[in-house]
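I opened this entry to look up how the copies are arranged and what their contacts are made of.

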4 protein chains.
Amino acid sequence: MTTTDRERACFEAGIKFGSLYHQFAGTPVSPRSAGALESAIESAIENQPHCEDVSVTIHAERLEPDLVQGYTELTGRYMTATLTVRYQDTTVTARMELEDEYPFMRITAIDP
Amino acid sequence: MTTTDRERACFEAGIKFGSLYHQFAGTPVSPRSAGALESAIESAIENQPHCEDVSVTIHAERLEPDLVQGYTELTGRYMTATLTVRYQDTTVTARMELEDEYPFMRITAIDP
Amino acid sequence: MTTTDRERACFEAGIKFGSLYHQFAGTPVSPRSAGALESAIESAIENQPHCEDVSVTIHAERLEPDLVQGYTELTGRYMTATLTVRYQDTTVTARMELEDEYPFMRITAIDP
Amino acid sequence: MTTTDRERACFEAGIKFGSLYHQFAGTPVSPRSAGALESAIESAIENQPHCEDVSVTIHAERLEPDLVQGYTELTGRYMTATLTVRYQDTTVTARMELEDEYPFMRITAIDP
C-alpha cells in the first residue's frame, strides 16, 4: 500500500485532535483555572510525534452561564484549538471549533 | 484549500485512534474485566462520524506480569486495535500496535 | 493520627466515585452503546481495592434529546451509579445522581 | 443514616484523588511539559467542592528513563500529590505517592 506524505500528515493531525479532546474532556474548569489548562493541553499534545504547535483557547464567557458550584467540565462547547503537524516535508494545519453544537475538526491547510 | 477524500479519510481515522487511546488509557483493567472493556471501547468509538468498525484486543497475557492488587491500568502496552473509516467513497483501515515499546498507529489500507 | 475504619471506608468510596466519573466522562455514547459502557465501567471500578460492587445506569431517555450526529459524550447528566466498598469490617454504600444539574455523590449507608 | 463531618470530609478527599488520577492519567508528559501539567492539575481539582488546596509534583527524574520519542504518559509512577479538603469545620489532608509500584492514597491528618 502506498500513502502520500499529505495523507500521513492528515492522519497524524487527526491523532492529535482525538488525543487532545478525549484526554482533557471532563476536566473541572472555571474562568480562574482556564489559563493553566490551556497551557497544559498545548504542551502535552506538542509532545506527540510530528506535532509542531498547538494553540488552545477556553472561552471564559461560554463557561460563565454553565458554572455549577463555581465550575463546569471541559467539553468542545467551551474550546477552540488549532494545531500544526509536520510529516516529512508536508505541513498540515487543522482546527477544532464549535459548529451547530458539535466540536467540528477540520483540515485548514496542507502545504505543499 | 483542496483536500482529497483520501486525505479527509486519513484525518478521520487519526481522530478515532487519538480518541480511543486517550479516553480509555488509565482505566483499571484485569484479565476478568478486559472483555467488557474491549466491547465498550469498540462501540463507543463506532459512534463517531465516518467510523464503520473498531476491533480491540486487550492481551490478558501481557496484563498478568503487571498486576498489582489484581489489576493494572490500560495503556498501549496491553492493547491492539484496528479500525475502518469511510469518508465519501474512500475507506481507510488503520492499526495500532506495540512496536519498540511505543503504541504505533499506522494506515494499513486506503481504497480506492 | 488515628482514623476509624468508617473514615477509611468513606475515603475509599470517594476514590471510586472520582475514578469512575473522570475516567469515563467524555466517552462517546448512544442508546445503542450505553449497555456495553455500563458493564465496562462496573467491572473496571470493581478492580479497585476494597470495592465490592458497582452498578451504573446510563439513562437512554436522557441521551436522546442531546444526540448530535447520533451520539453525545458521557457526563453525570446521563448517569446514576451506586457502589459498595468494604474496609475491614465496615461497609459503605454510596450513590451518585443528578441533583440540580450537578452529579451529586453521597454516602447512603455505613455499616456498622 | 448518620455520618460525621470527619466521614464526609474523608469521602470528599477520596473523590478528589480519584478525579485527579483518572482525569490526567495517560496525558503525554515530558520534563519540558511537566510544570504546566502540575499547575493545571492543581487548579482543576481545586475547583471541586470543599477542596482547599492541591499540590502536585511530577518527578522529572522518573520520567527520563521511560521517555520514548521524547515523552511518556502520566501515571502514578511519576507523580506525588497532596490535598486538603474542608467539610464544615473538619479539615482532612491526604497524600498519594508510589509505594511498591502502586500509587497509594492515604489520609495523613484529620482535624479536629
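I began with the term that the symmetry check rests on: copies are superposed by least squares on the C-alpha atoms of residues with pLDDT of at least 70 in both. I kept in mind throughout that this is a predicted model.

**Symmetry.** I found that chain A is superposed on chain B by a rotation of 180° with 0.0 Å of shift along its axis, at an RMSD of 0.0 Å. The two copies are therefore related as by a two-fold rotation axis, and 100% of the contact residues of chain A recur in chain B, the same surface serving both copies.

**Contact of chain A with chain B.** I noted 26 residues from chain A and 26 residues from chain B in the contact, with a buried area of about 2,100 Å², 65% of it from carbon and sulfur atoms. On the side of chain A, E7(A), F11(A) and H22(A) lose the most area to chain B, together 31% of what that side buries.

Which side chain of chain B meets E7(A) in a salt bridge? I found R6(B), at 2.7 Å from N to O; the rule finds 2 salt bridges across this interface, along with 10 residue pairs in polar contact.

**Elements.** Helix 1 (5-24) and strand 6 (102-111) of chain A each supply at least two residues of the touching side, and helix 1 of chain A gives the largest share, 13 residues. By class, I recorded 13 nonpolar, 9 polar and 4 charged residues on the side of chain A that touches chain B.

Methods. Residues are numbered from 1 along each chain as its sequence is written. Chains are lettered from A and ligands numbered from 1 in the order in which they are written. This is a predicted model: local features need pLDDT of at least 70, side-chain atom pairs count only at pLDDT 80 or more; totals for chains, interfaces and linings use all residues. Side-chain values use heavy atoms; hydrogens and water are left out. Contact means heavy atoms within 4.5 Å. Buried area is the accessible area (1.4 Å probe) that two parts lose on being put together, summed over both. A salt bridge is a side-chain nitrogen of Lys or Arg within 4 Å of a carboxyl oxygen of Asp or Glu. A polar contact is a pair of N or O atoms within 3.5 Å; within protein, one must be able to donate a hydrogen and the other to accept it, and residues adjacent in sequence count only if both atoms are side-chain atoms. Helices (H or I, at least four residues) and strands (E, at least two) are DSSP runs, numbered from the N terminus. Ala, Val, Leu, Ile, Met, Phe, Trp, Tyr, Cys and Pro count as nonpolar, Asp, Glu, Lys and Arg as charged, and the others, Gly among them, as polar.
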